[in-house]
Amino acid sequence: MKTISILLFIVVLVISQQVFAAEKVDTSPAPVKIVKVFPYLKIDRPIVVTHAGDGSNRLFIASQKGKVYVVPNTPEDEDLEEGKLFLDISDRVTYNDKQNEEGLLGLAFHPKFKENGEFFIYYSTPDKPVNTSVISRFRVSGNDPDKALADSEEVLMRVKQPAWNHGGGTVVFGPDGKLYIAFGDGGAGNDVFHNGQNLSSVLGTICRIDVDHKDSGLNYAIPKDNPFLHGKSAEIKTARKEIWAYGLRNPWRIAFDTKTGILWAGDVGQNIWEEIDIIVKGGNYGWSVREGKHPFGPNGVEPRPHLIEPIWEYDHSVGKSITGGSVYRGKKIPAIQGAYIYGDYVSGKFWALKYDAQNKKVTANHVIESPSIPVMTFGTDQNGEMFLTSSFSEIFMLKSK
């Protein structure tokens, strides 16, 4: 009997060790370095780095204070001191260094920009008693591809913000050609405005709209397959039909994997936990009854089937404000091909996270060794090579060691 017990103990021990080994996440350093580029380029608070998808190989860099510049994709160019001014809407953008989550926050080019010249901006504008988030369509000049028309603005959405923080701000086109817009929960703290689980507000959500058509009374259309467009429950009847997913605190930033079409989000935590989410249609990501994989506040709850858990989290001993990035699909750094690159604004640390989508588990979270950088945003050029920016108006690039 004693022999059988010992054998059973050994079997259980072996199985538990195998399970632990299977779940172990590789945290070894990635063979990647973060290098400062455009060393003399002067752009105040570069909040977006992107491309137009038109094959021109230009980079567009947006300043949080309301200007967008176009520069050649020559990051090592030491002679480049300023870009061409592509768009200036600083006269309608509000920004304050002491309330630095407002301003021009998002820029996305239409998938058919080469044909229609359309692009979209998310910005904060002065309003009373607090400011308003505006999502607008603009158009490029017909005579100069490096010049946009500031007076071409067509406002799509205006969303009143109850506080200056948690604006979200990413605008990005999905592989379906629809525009996705990330909104924070309205700010302050502890979700005091109760937007996290409130489907009647777009705050605390990711919205999805069709910018190529217009519904009655709107400058856009609501896609027919949006999750809350139809339904008999009282909650769905009062839901904003633009909503694609909800239960988010401050999604900073969101990005589609250009190969798989998966939508990634870095959601900034409050008390303890920062999280990474895979965004799906109709998904509820738990804020503010959950923070990361944990109950939050006096109304916090344990895991529930209708609440989607993050695929990854880290606590405030590691970092205190996640800056979501995107999946690397460039060709110059094969070692991180398919990895989600992200960082933390407060700790200045960076990682390359590998996720097995089929088995729904993280297999690696490689450390990217770098100097401490207060990372504001990530972006890519037309070839998928990745840039990032700091709050000190610096621009960096990921390169292979």
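This is a predicted model: local features need pLDDT of at least 70, side-chain atom pairs count only at pLDDT 80 or more; totals for chains, interfaces and linings use all residues.
## Nonpolar cores

The largest nonpolar core holds 65 residues. Seven of its members touch the most others: Phe 86, Phe 119, Ile 121, Leu 179, Ile 181, Phe 183 and Leu 353.

Take Ile 181 as an example. Leaving out residues up to four places away in sequence, Ile 181 touches Tyr 122, Ile 135, Met 157, Thr 170, Val 171, Thr 205, Ile 206, Cys 207 and Ile 209. Another core lies apart from the largest one. This other core has 18 residues, including Ile 34, Ile 341, Leu 388 and Phe 396.

## Cis peptide bonds

Most peptide bonds are trans. Trp 287 and Ser 288, however, are joined by a cis bond, with omega about 15 degrees. A cis bond also runs from Trp 252 to Arg 253, where omega is near 5 degrees. Arg 253 belongs to strand S14, which spans residues 251–256.

## A look at Ser 288

Where does Ser 288 lie? It sits in the loop between strand S16 (273–279) and strand S17 (290–291). Is Ser 288 buried or exposed? Its relative accessible area is 18%, under the 20% cut-off, so Ser 288 counts as buried.

Ser 288 has contacts beyond its neighbours within four places in sequence: Asp 191, Gly 196, Gln 197 and Phe 296. With Asp 191 there is also a polar contact, side chain to side chain, at 3.0 Å. Ile 276 is twelve residues from Ser 288 along the chain, and the C-alpha atoms of the two are separated by 16 Å.

## Positive phi angles

Most residues other than glycine have a negative phi. Arg 45 has a positive one, near 50 degrees. Arg 45 is placed in the loop between strand S1 (32–37) and strand S2 (46–50). Its relative accessible area is 10%, so Arg 45 is buried.

Asn 57 has a positive phi too, near 60 degrees. Asn 57 is found in the loop between S2 and strand S3 (58–63). Is it buried, partly exposed or exposed? Asn 57 has 27% relative accessibility, between the cut-offs of 20% and 50%, so it counts as partly exposed.

## The largest pocket

Rolling a probe the size of a water molecule over the atoms shows where empty space is left.

S6 gives the most, with five residues. By class, the lining of the largest pocket has 19 nonpolar, 17 polar and five charged residues.

## The second largest pocket

The second largest pocket has about 370 Å³ of space. It is lined by 19 residues. Closest to its centre are Asn 100, Glu 101, Asn 250, Ser 321 and Tyr 345. By class, the lining of this second pocket has seven nonpolar, nine polar and three charged residues.

Technical notes:
Residues are numbered from 1 along each chain as its sequence is written. Side-chain values use heavy atoms; hydrogens and water are left out. A nonpolar core is a set of buried Ala, Val, Leu, Ile, Met, Phe, Trp, Tyr and Cys residues joined through side-chain atoms within 4.5 Å. Buried means under 20% relative accessible area, exposed over 50%, partly exposed in between (1.4 Å probe, protein chains only). Contact means heavy atoms within 4.5 Å. Helices (H or I, at least four residues) and strands (E, at least two) are DSSP runs, numbered from the N terminus. A polar contact is a pair of N or O atoms within 3.5 Å; within protein, one must be able to donate a hydrogen and the other to accept it, and residues adjacent in sequence count only if both atoms are side-chain atoms. Ala, Val, Leu, Ile, Met, Phe, Trp, Tyr, Cys and Pro count as nonpolar, Asp, Glu, Lys and Arg as charged, and the others, Gly among them, as polar. On a 1 Å grid over the protein atoms alone, a cavity is a set of points where a 1.4 Å probe fits but cannot get out, and a pocket is an open set with protein on both sides within 12 Å along at least five of seven lines; lining residues have an atom within 4 Å of a point. Grid points are joined across faces, edges and corners, and a volume is the space filled by probe spheres set on the points.
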